Amino acid sequence: MTTITLAVNGRTVTAEVTPRTHLADFLREQLLLTGTHIGCEHGVCGACTVEIDGEIARSCITFAVACDGARVRTIEGFDDDPLMARLRDAFSTSHALQCGYCTPGQLVAARDLIRRKSIEPDLDIRTEMSGNLCRCTGYAGIVEAIETVAAEAPAVPALPTERWAGPAPGPGTSAPISVPTAAATAAPRNPSPVVAAKHTPSAPVRRIKVEVGPVTVEDGETRFTQSFVLEHPRDAVWDLMRDPARVAACMPGLALDPPGADGRLAGRMEVKLGPISAGFSGDGTMARDDGAHRMVIEGRGSDRKSGSRASGRVEYTLSEATAATGAPATGVDCVIAFTLQGPLAQFGRSDLVRDLVGRIGAAFASNVDARLRAPDAALAPAELGGVSLMLGVLFGRIRQMVLRLFGRGS
């Protein structure tokens, strides 16, 4: 794994990626920026077009590690861009989209074209946009929309005349990332000296064994237990786990707002199971007993896109333990209960849930351990039920079947 730091849509992100991970996969799978579409995976169709340090690029053939220190802008990062807003309106007026799959890449490429060449009297839009393929429209509406906006001679910043025109900077070759202000982005940039990038170190991940108890379903509520041991004193573990926001930062897919004055919580959870993805938004409550080192968090939420609803309760208690080395350790015992309604409920079968929650629990335990060992280190983002977790579940079940077939399974 390689640690990279880059600015994505104005937000600094530090993550661990494999050297073979493409930028498009990193944006979609780890950052959940699914507006970047993947079509051909050969850099031909243009559906994956993004902006890297002010230049458009194919994210499906760009390695994420090559973007270390770069500024990346996806279609989601143009929400407040005036030129992009004019293009969106023109695309709608000129009926320049049908299925919409190629549209994010078309918009990013069209914006770049207008910024660079809108004042040219002999601008050949069809030739300039030939790197973005569309299977629906016949291109007439796309060309008309771009012509409309280009004719307005938009007053947009000119690109620097002296700039790096090759691939995005790699490790150790780029300037430190700083999020530009609105005033800074409105004026032409001057080239900056290239210096070594400084990254927040990440703590080495240690695998933590998680014991998952029987999964039971009663009156629509799925319930199970998880237990693991952390090689840290109980007071240190409780100092972290008594804070819901710090706990949420260690859980794949979960983002939590600071507790309100009344102790209520609000947050979001991204879930991806099989062909269904959902983003639950909701609220909840917490009850903490510092003397007993016990926390209870309850919440409920819904996903408008899939029509799924969820409610759940997490209760965990910390106890003193001893590591194999004789050092003080902490036992963490969790009781988790939840209900699912809607399309996602079909994935609530106990056999799949047991495998999946075991892997999610292991990821959570490893993140807590990493945070305790390196409080300032970066934790790589991860999806709840993302591709790597689901593949792990499938391969695990295949392995069990093979072992049983040859009489070596339990």
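Y139 sits in the loop between α4 (125–128) and α5. Helices (H or I, at least four residues) and strands (E, at least two) are DSSP runs, numbered from the N terminus. The model is predicted: local features need pLDDT of at least 70, side-chain atom pairs count only at pLDDT 80 or more, and totals for chains, interfaces and linings use all residues. Residues are numbered from 1 along each chain as its sequence is written, and side-chain values use heavy atoms, leaving out hydrogens and water.

**Whole chain**

- The protein chain holds 10 helices and 14 strands.
- Of its 410 residues, 42% are buried; buried means under 20% relative accessible area, exposed over 50%, and partly exposed in between (1.4 Å probe, protein chains only).
- Take the contacts with a separation of 6 or more: 61% of them join residues 24 or more positions apart. A contact here means heavy atoms within 4.5 Å.
- The accessible surface is about 21,600 Å², and carbon and sulfur atoms supply 54% of it. Areas come from the Shrake-Rupley method with a 1.4 Å probe; for residues, only the protein chains shown count as cover.

**Helix α3**

- α3 spans residues 103–117, which is 15 residues.
- From first C-alpha to last it reaches 20 Å, close to the expected 21 Å. The expected span is 1.5 Å times one less than the number of residues.
- The helix is mostly covered, with 13 of its 15 residues buried.

**α3 against α5**

- The axes of α3 and α5 (residues 140–151) come within 10 Å and cross at roughly 35°. Axes are lines fitted to C-alpha atoms, for helices over the stretch in contact; angles run from 0 to 180 degrees between N-to-C directions.
- The crossing is right-handed: the near helix is turned clockwise from the far one by less than a right angle.
- α3 contributes Q106, A110, L113 and I114 to the contact, and α5 contributes I142, I146, V149 and A150.
- These residues divide into 7 nonpolar, 1 polar and no charged. Ala, Val, Leu, Ile, Met, Phe, Trp, Tyr, Cys and Pro count as nonpolar, Asp, Glu, Lys and Arg as charged, and the others, Gly among them, as polar.
- An α-helix has 3.6 residues a turn, so residues three or four places apart point the same way.

- Y139 is a residue other than glycine with a positive phi, near 75°. It is partly exposed, at 28% relative accessibility.
- N9 also has a positive phi, near 55°, and is not glycine.
- N9 lies in the loop between β1 (2–8) and β2 (11–17). Its relative accessible area is 28%, so N9 is partly exposed.
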